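Dear colleague,

I am handing over a structure that may be new to you, and my notes follow directly below it. Please read them with the structure open beside you.

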Amino acid sequence: MPLNKGVCLLAAVLFIVKGEGKVLPDIRLPKSIVPEHYFVGIVPDIHQNNNAIEGFVHLDFFVQTPTDRIVMHAVNLTLIEDSVSVNLLPSKTMEMMRENDVSKTSSSGLSEKLKMLKVLRPISYDADKEFAVIHLGSKLEENQRYRVSFNYSGMLARNLKGFYGSEYLDKKSETKRWLGVTQFEPTSARLAFPCLDEPAMKATFTISIGRRSNYTSLSNMPLVKTEPMSNKEGWFWDLYEKSVPMSTYLVACLVSEFAFLRIWARSEAIEQADRAVQVTSDMLEFLEQYFQVPFPLPKVDLVGLPDFSSGAMENWGLITYRETTLLVNPKSAAVRDEMNVERVIAHELAHQWFGNLVTMAWWNDLWLNEGFATYVQRLVLDNVSPKYQYGSLQALDFLSVMDADGLESSHAISVDVAHPTQITEIFDAISYTKGAAIIRMMNDFLGEATFREGVKNYLNEKKYQNARQDELWQFLSEQAHQDSVLPLSLDVKTIMDTWTLQMGFPLVTVQRNYTDGNAYIQQKRFLRGVKPAIVKENKSSSLTNFVEEKNSRLPNYRWWVPVSFTDSVAQNFSQSNTRPAIWLTPNELSATKFIGKNEDSWVIANILATGYYRVNYDERNWKLLGLQLKTDHQVIHPINRAYLIDDSFALAAAEILPYTTAFSLIEYLPEENHHVPWSSALRALNYIGRMFSYTKDHGRYKDFMRSLVVPVYTRLGTEFQSDDSPLTKLFRISMITQACSQEFRPCIRNAQLLFDEWMDSPDPIHTIKIIPDLRSSTYCTAIKYGGQLEWDFAWGMSFNMTSAQDRDVILSALGCSRDPWILIRYLSFVLDPKSGIRKQDGRRVISAVASNPGGRRIAFQFMLKHFEEMFSYFGNPVRVLQMLSSTTSSLNTQEELVKVR
Ligand SMILES: [Zn+2]
């Protein structure tokens, strides 16, 4: 899955909701049996919101240790007692039976010729552990294979997980349509069919889907044949090819009336799939070449869904997406939308190798899936669509994750998890973004060739299997030693354990001696210093910090830190200069390096910010850097400019550096023409703005911001040119948004003019003259400075947008109103299914209101008041908590405010 952003305070909030110290039961399966092959038939009745699901399972398994029970996962499913049978499989004939008998579509028939075991009734269920247990009259014998067969029944889920039903309006025929689709990761396969639902329990699957004649179905593998159902008039069985060995969470099914083009979507939206079609094959080709491992499946389908809880899901061969992450309307797409679609497609395709082919053994190593997919998506984009310069944008993501990771409430990348709630919790920025950041660091300290070769070997050796992070380290170490990149006495595990087993990251301080030319370099854990005001405890999440509690082998909070350098003489910001000039180690916290006596020459560490850490310098070096930025900032690479700014503000917030140093570094900003350093500065400045938002000094803050932004806004103008690069477009959008939100009158007037023109046009649905890139800030500004009329118009328009991104833009802008009652009414729509707000968009509405300074408190109160209701309506506690956390993002800033003043 791709990451949903905005999870910073999630951990803190979880603490409050769950209560402290509640021990969750061990919910792992016994290891006595190992699944080998599932033959699953599922009949979901989605038509007209019916919600029955029935099906059958034949599961062939191998017995590792004798047992008289078969334990499977099942949630809200009932096994039909009479249908359960267990047979010994003669090992020789088994293969043959699998191939020949797969067309059998009920649990009877096939089993008679085999030795049958007595099944004791009733089947028992353990709701806490989500188990269904079949008890047997005799023991299953070691090293034998058996088949358990049964029919089962249940209900389709309604809250966007398991096998769930969903509806949408077909605009051409003005009729309702229904679809059924699966979302299993991490632990929802058990809602659709009884199975051994743990990632290491890989097996092959033969899937059969029952459907009415007017629907089509899809699954991971290609269709073999379609047959009418013998017992159901007007129904058909679609039988799919046997899969490669894979985890249960990757199984996928879709039943819909969608149109297709290898990409499946609502028929009226299908024309927006062109870009996805174009890039998908290029990306697959790149991935196959880069890692030298062919795509293992005969086909891949990409499906855009109108209601989907995540951004996308990497089911093997049948990847599901929200419409906004797959489809773009070429006529109305903003550059951000295009890039987002490519980013998510790249991410899910990367998973076909990292996650699907080689899967983490247990969810504690989720980062092996998500960190890799997030890192590889960048490789893919930088090669297939270099125009986006995505690598430099991802460097900004690494900065935001440092904010979360610099808190004491963070958690290690590799973390003990047991219960499904804990598993869902770690789908966060730490697993995704920090995971990607440390893989990037590894790529750069090993060198790309070594890294790539090591990963290739890892994929080839571990394919169709599971892996732990130690196994990845093993392959990389071998390659590093072979290439003499690391000394034989040092392996990758030693280095990387310090990054994955403990939370946080170091601050590297470079203290220069200007007389002898040496620099004294040391590491220390970086802490933001300010804890969220709402929680003071260290253990703010149910996730434990592995190092502190379990692993006394490692000294606390010391890392293997690769440090690279350049200075004002060399000015070497090339990729080749990112290799470490020195290492700081857990045993040698500091090092001395001769840098040169020139006291007028600055030094910069962490070239291109490939290392996951912050850097501080002595006062004189900061001054020299500030001076360089003012005289000729382009000498320093844009990514390093961004990091200098962000580091200085983060250090100021942590009381390590005076705010005057940070502010003097950004005095040059009116001259800055690059999106990346500006974004970094705006992140820091908006944070400070939030602190001032309820104080008498807010006006002064706005004056200051205008003094930085207006010169650039004027220079860039509001007209988009056909040859603008994506970064230039993003930069202009960002400056317009800032100028308007800092109340620069010409900007506001311009937005109002454009919006009025739209409102007054005779056919507003089909003629939006506002160019896509400007829509977000124009709508927001017009709604902010308008009243009910503007709001109601935009709300009405939100239902008439054929492109999902256009609708998202309006939904976000609707939160910009300054009328409390309008905001309260808007929030109330979230819990009202008739309002037209889809479940998947609930979080967008909440965070739209919460990111409006006038709406934050309203949103927070709304969440508190309707907390229980939100849980039952959305059915996904973690999502609800993420919504809550988006409303609390300013609560921790009061303490810091004093310092900035
Ligand atoms: Zn993912």
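In which loop does Pro-186 lie? Pro-186 is in the loop between β11 (175-183) and β12 (204-212), and please keep in mind throughout that this is a predicted model. The peptide bond that joins Glu-185 and Pro-186 is cis, with omega at about 0 degrees. A cis peptide bond also runs from Arg-121 to Pro-122, where omega is near -5 degrees, and Pro-122 is found in strand β7 (residues 119-126).

Turning to backbone angles, Asn-76 is not a glycine and yet has a positive phi, near 55 degrees. Asn-76 lies in the loop between β3 (67-73) and β4 (77-79), and with 15 other C-beta atoms within 10 Å it is partly exposed. Glu-743, which is likewise not a glycine, has a positive phi of about 60 degrees; this residue is found in the loop between α19 and α20, and it is partly exposed, with 16 other C-beta atoms within 10 Å.

The axes of helix α19 (residues 726-741) and helix α20 (residues 745-760) come within 7 Å and cross at roughly 105 degrees, and because angles of 65 to 115 degrees count as roughly perpendicular, α19 and α20 are described as roughly perpendicular to each other. In their contact, Ile-736, Ala-739 and Cys-740 of α19 meet Cys-747, Ile-748 and Ala-751 of α20, and the residues of this contact divide into 6 nonpolar, no polar and no charged.

Technical notes. Residues numbered from 1 in each chain as written. Predicted model: local features only at pLDDT ≥ 70, side-chain atom pairs only at ≥ 80, totals over all residues. Axes fitted to C-alpha atoms, helices over the stretch in contact; angles between N-to-C directions. Helix = DSSP H or I, 4+ residues; strand = E, 2+ residues; numbered from the N terminus. Parallel < 35°, antiparallel > 145°, perpendicular 65-115°, else oblique. Contact = placed C-beta atoms within 7 Å. Nonpolar A, V, L, I, M, F, W, Y, C, P; charged D, E, K, R; others polar. Buried ≥ 20, exposed ≤ 12 C-beta atoms within 10 Å, placed from the backbone.
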